[in-house]
Amino acid sequence: MLLVIPYKWLVRGRINPDPALSLNPAPKTWGERFRSHLLQCMLDHPGLKMCLYMWTGTAMFNAWLRAMGTKVGKQAWIGEGLQLFEHDLVEIGDGVSVCR
């Protein structure tokens, strides 16, 4: 888990929405695709998924999402079942309840 956040920011970087690709924010070059795929493999690791599952509905899970680039509002409750692929493109407002 401690490797995923630095990898995301140092290697993958922030994803900016491209108006021309508003329906498909997929990476354009081979290198971008490889880095995106590697990040997704890291996020799919069973150990990380178990930690995140235990944190669902807590402030730690919200902190994890914020560290990955998601904009999470105050008093937002995020339950199990939330799966994000491009954290930078998601914004969750104040007082919002997501997934049960």
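**Reading cavities, a pocket and helix packing**

Q: Which residues line the largest cavity?
A: Lys8, Arg12, Ile15, Leu39, Phe85, Glu86, His87 and Asp88 line the largest cavity. On a 1 Å grid over the protein atoms alone, a cavity is a set of points where a 1.4 Å probe fits but cannot get out, and lining residues have an atom within 4 Å of a point. This is a predicted model: local features need pLDDT of at least 70, side-chain atom pairs need 80 or more, and totals for chains, interfaces and linings use all residues. Residues are numbered from 1 along each chain as its sequence is written, and side-chain values use heavy atoms, without hydrogens or water.

Q: How many cavities of 30 Å³ or more are there, and how much space lies in the largest cavity?
A: Volume is the space filled by probe spheres set on the grid points, which are joined across faces, edges and corners. The search of the whole structure finds 1 cavity of 30 Å³ or more. The largest cavity holds about 40 Å³.

Q: How do the residues of that cavity lining divide by class?
A: Ala, Val, Leu, Ile, Met, Phe, Trp, Tyr, Cys and Pro count as nonpolar, Asp, Glu, Lys and Arg as charged, and the others, Gly among them, as polar. The largest cavity's lining has 3 nonpolar, 1 polar and 4 charged residues.

Q: What lines the largest pocket?
A: A pocket is an open set of points with protein on both sides within 12 Å along at least five of seven lines. Here the largest pocket has 17 lining residues, with Lys49, Leu52, Phe61, Leu82 and Gln83 nearest its centre. Helix 2, helix 3 and helix 4 each give two or more residues to this lining. By class, the lining has 8 nonpolar, 6 polar and 3 charged residues. The pocket's space is about 380 Å³.

Q: At what angle do helix 3 and helix 4 cross?
A: Axes are lines fitted to C-alpha atoms over the stretch in contact, and angles run from 0 to 180 degrees between N-to-C directions. Helices are DSSP runs (H or I, at least four residues), numbered from the N terminus. Helix 3 (residues 46-55) and helix 4 (residues 59-67) cross at roughly 125 degrees, their axes coming within 7 Å. Helix 3 is therefore oblique to helix 4. Contact means heavy atoms within 4.5 Å. Leu48, Leu52 and Trp55 of helix 3 meet Met60, Phe61 and Trp64 of helix 4. That contact has 6 nonpolar, no polar and no charged residues.

Q: Which way do helix 1 and helix 2 run relative to each other?
A: Under 35 degrees is roughly parallel, over 145 roughly antiparallel, 65 to 115 roughly perpendicular, and the rest oblique. Helix 1 (residues 4-12) and helix 2 (residues 30-43) pack at about 175 degrees, axes 11 Å apart. They are therefore roughly antiparallel.
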